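Dear colleague,

Please find below the structure that I am handing over to you, together with its sequence. My notes on the findings follow directly after it.

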Number of protein chains: 2
Amino acid sequence: MIVTKLCPLGTHRVLEPAGALPQAALRLDATPVAYENELLCDVEALNIDSASFRQIVESCAGDEAAVAAYVLALVAERGKHHNRVTGSGGMFIGRVRTVGTSLTDIAGVAPGDRIASLVSLTLTPLRIESIHRIDMATGRIWMTGTAILFATGLYAKLPDDLPDDVALAVLDVAGAPAQVRRLVRPGDTVAVLGADGKSGVLACVQARETAGPMGRVVGIAPDAQTPGARFLVEHGFVDAFVEADARQTLGILAAIPEALPELADVTINCVNVCGTELASILVTKDRGTVYFFSMCTSFTAAALGAEGVGKDVTMIVGNGYAKGHAATALQTLRDYPALRDYFLERYASREKTI
Amino acid sequence: MIVTKLCPLGTHRVLEPAGALPQAALRLDATPVAYENELLCDVEALNIDSASFRQIVESCAGDEAAVAAYVLALVAERGKHHNRVTGSGGMFIGRVRTVGTSLTDIAGVAPGDRIASLVSLTLTPLRIESIHRIDMATGRIWMTGTAILFATGLYAKLPDDLPDDVALAVLDVAGAPAQVRRLVRPGDTVAVLGADGKSGVLACVQARETAGPMGRVVGIAPDAQTPGARFLVEHGFVDAFVEADARQTLGILAAIPEALPELADVTINCVNVCGTELASILVTKDRGTVYFFSMCTSFTAAALGAEGVGKDVTMIVGNGYAKGHAATALQTLRDYPALRDYFLERYASREKTI
């Protein structure tokens with residue numbers, strides 16, 4: 001590696017095109033040696049973004065070996081896990097091997113510490129030596145290999161009181177509860193689309209707390225019998241659950257008069273399929289807020305959709321990072337033992353819990 | 001036309017796929033007969049969205065006749081002007097021919113009134129009989145044909161004190177100044193990317209007013225010698241103008257220490273090319289707001305870009321509609337005679353001004 005100048009954003013790792021930042025780059029240099037402003041980590045597992053994993057699984061007809069081959073080839077070519085179709089990535093869990101000399105005092109971690117990356121795999125130099133196993137239900141990939149984190153790259157030390165893989169599952173969507181806490185006010189009506197998924201469940205629990213006794217939380221998902229949906233209803237984390245597919249805009253419209261007559265002050269979109277922008281807009285009040293946490297969101301479908309139906313709503317692009325979001329998300333599990341149990345049951349790997 | 005049920009959102013005009021709303025539809029029925037919940041209009045001119053027009057012109061190598069043929073074929077096939085690459089459309093100007101019977105009392109317009117549509121062409125049933133002329137500089141297309149507006153479709157009567165085509169140019173981007181007025185507070189630093197374009201100029205003028213004497217407005221565009229850039233600087237609508245291409249993120253980074261050391265409280269992206277999400281994020285303060293008015297914005301590039309650089313910013317999807325936005329935008333021209341003169345010079349067609 002011959003590098004003229006180190007960049008806090010990691011441009012010194014970009015192979016193509018020149019001058020790009022790592023997220024926009026086609027290819028990164030994933031050489032497993034840390035520059036002075038980098039962390040080198042031994043990766044144990046990836047947690048692939050839900051939209052990305054779904055797309056890969058579908059393109060591989062659900063075959064685990066084919067998914068492994070696909071991911072190996074993708075990462076070998078790009079030097080990062082950056083899905084070409086969805087544009088999204090995921091995060092990793094691993095152990096710090098080297099802390100660059102200029103980061104020693106500020107990194108907050110030391111060699112040997114276990115961490116989770118809170119920065120997208122789409123900009124993380126990654127090298128995979130081998131893939132050991134893939135959990136086809138959750139998008140977790142156990143592997144041997146290395147990753148590089150830059151000075152601006154976010155990461156969190158893994159907590160002592162939760163299994164690694166549960167912490168990983170929570171941290172992957174840590175932005176959701178943090179943003180809900182910011183956006184929702186006591187007394188608000190909150191609609192959560194994709195309520196029964198990982199980020200949806202966390203969003204509902206946080207919304208129920210923040211909206212308070214005078215507020216209402218309405219979960220929306222195609223199937224009211226999924227584990228997530230049943231969990232939300234049984235524990236009272238939603239005041240109503242609407243069984244409807246947000247892609248079928250007319251179906252959502254038909255459900256509104258009974259389930260959401262007042263419309264939502266805040267709508268959180270946590271859906272992992274495309275085409276739900278308009279439903280999100282239609283369930284929201286004029287001057288309300290729609291928060292698109294889904295990586296499937298189309299910017300133009302949202303912008304033109306709101307204009308097309310003459311709806312004056314504020315639409316926010318989900319930012320995976322919010323100050324203190326990792327702590328907020330992990331604390332939510334500690335505050336709600338039922339939620340903790342749900343995550344343990346769903347996301348703790350069998351090898352470790354048996 | 002055999003239609004079972006009329007829908008305020010216009011689904012009764014969707015030919016394919018069934019159950020879609022007009023914006024998501026592949027093809028619309030543009031038959032020029034008004035149902036009781038529709039307006040039928042004789043279209044005089046289209047104002048194509050800047051990103052869409054640029055893409056079409058590039059794909060036609062800048063040839064006017066080729067652009068006309070391209071637009072004719074696109075509209076004949078889809079029943080609407082809906083660019084397949086950019087996903088965006090534009091608006092039209094025309095004269096009301098028929099007001100559906102159920103809208104007579106609430107439409108606010110009568111047959112013969114001249115109006116501009118404030119709803120995207122991506123969901124407006126459109127039929128073109130012939131194209132007369134295309135202004136390759138502004139994206140206006142003079143034509144003969146018809147369009148349908150739905151009950152929820154927004155439109156504005158054209159003002160008496162401005163030429164039609166100037167009003168059209170302003171109304172096309174009317175959301176920009178209205179949103180700036182909402183987002184900016186006195187004393188704020190405001191960065192406007194793509195400052196010298198149509199929406200950028202309006203955004204700068206509104207930002208200068210709303211930020212007040214204690215605020216700062218910084219325009220950013222690749223060329224400080226364009227008519228828009230010179231206008232902004234000469235009339236003091238920007239406090240500083242940065243000559244930089246927002247696609248070159250490293251160039252923007254290099255310009256920040258001198259031009260925007262405090263970073264922006266509010267950043268308005270009015271750029272009509274792709275790849276400027278990260279620059280928008282990087283010029284913005286932590287806990288600041290980025291408003292993406294550009295239809296070229298990539299949702300994932302914005303979401304993952306902010307996360308990748310660990311920037312806690314609120315990113316808003318530009319909504320072309322805001323209550324009162326048409327009146328706000330037109331009033332801005334009345335309040336600032338220099339701005340009015342600039343729009344008259346740039347957007348009044350030669351036939352009408354000579």
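Across the interface of chain B and chain A in this predicted model, ten residue pairs are in polar contact, both residues of each pair being at pLDDT 80 or more. On the side of chain B that touches chain A, the elements that give two or more residues are α7 (249-259), α8 (277-282), β13 (284-292), α9 (299-308) and β14 (314-317) of chain B. The largest share of that side comes from α9(B), which gives ten residues. Sorted by class, the side of chain B that touches chain A holds 25 nonpolar, 20 polar and seven charged residues.

As to the extent of the interface, 52 residues of chain B are in contact with 52 residues of chain A. The two chains bury about 4200 Å² between them, and 65% of this lies on carbon and sulfur atoms. Within the area that chain B buries against chain A, F299(B), E307(B) and V317(B) supply 18%, more than any other three residues.

The charged pairs can be reported briefly. Between chain B and chain A the count is two salt bridges. A salt bridge joins R182(B) to D312(A), with the closest N and O atoms 2.5 Å apart.

The chains also meet through strand pairing. Strand β14 (residues 314-317) of chain A pairs with β14(B) in the antiparallel sense, over three bridges. Within this pairing, V317(A) has M315(B) in β14(B) as its bridge partner.

Which residues does S120(B) touch, leaving aside those up to four places away in sequence? They are L304(A), E307(A), G89(B) and G90(B). S120(B) itself is placed in the loop between β5 (114-117) and β6 (126-135) of chain B. Its relative accessible area is 2%, so S120(B) is buried, the cut-off for that class being under 20%.

I turn now to the backbone. Most residues other than glycine have a negative phi, and most peptide bonds are trans.

In chain A, the peptide bond from E16(A) to P17(A) is cis, with omega near -5°. P17(A) is found in the loop between β1 (14-16) and β2 (27-28) of chain A. In chain B, the peptide bond from E16(B) to P17(B) is likewise cis, its omega being near -5°. The loop between β1 (14-16) and β2 (27-28) of chain B contains P17(B).

Two residues of chain A other than glycine are to be noted for a positive phi. For A61(A), phi is near 55°. A61(A) sits in the loop between α1 (50-59) and α2 (64-78) of chain A, and at 72% relative accessibility this residue counts as exposed. For R287(A), phi is about 70°. R287(A) belongs to a strand, β13 (residues 284-292) of chain A, and R287(A) is exposed, with a relative accessible area of 52%.

With kind regards

Terms used
Residues are numbered from 1 along each chain as its sequence is written. Chains are lettered from A and ligands numbered from 1 in the order in which they are written. This is a predicted model: local features need pLDDT of at least 70, side-chain atom pairs count only at pLDDT 80 or more; totals for chains, interfaces and linings use all residues. Side-chain values use heavy atoms; hydrogens and water are left out. Contact means heavy atoms within 4.5 Å. Buried area is the accessible area (1.4 Å probe) that two parts lose on being put together, summed over both. A salt bridge is a side-chain nitrogen of Lys or Arg within 4 Å of a carboxyl oxygen of Asp or Glu. A polar contact is a pair of N or O atoms within 3.5 Å; within protein, one must be able to donate a hydrogen and the other to accept it, and residues adjacent in sequence count only if both atoms are side-chain atoms. Helices (H or I, at least four residues) and strands (E, at least two) are DSSP runs, numbered from the N terminus. Ala, Val, Leu, Ile, Met, Phe, Trp, Tyr, Cys and Pro count as nonpolar, Asp, Glu, Lys and Arg as charged, and the others, Gly among them, as polar. Two strands pair if DSSP finds at least two bridges between them. Buried means under 20% relative accessible area, exposed over 50%, partly exposed in between (1.4 Å probe, protein chains only).
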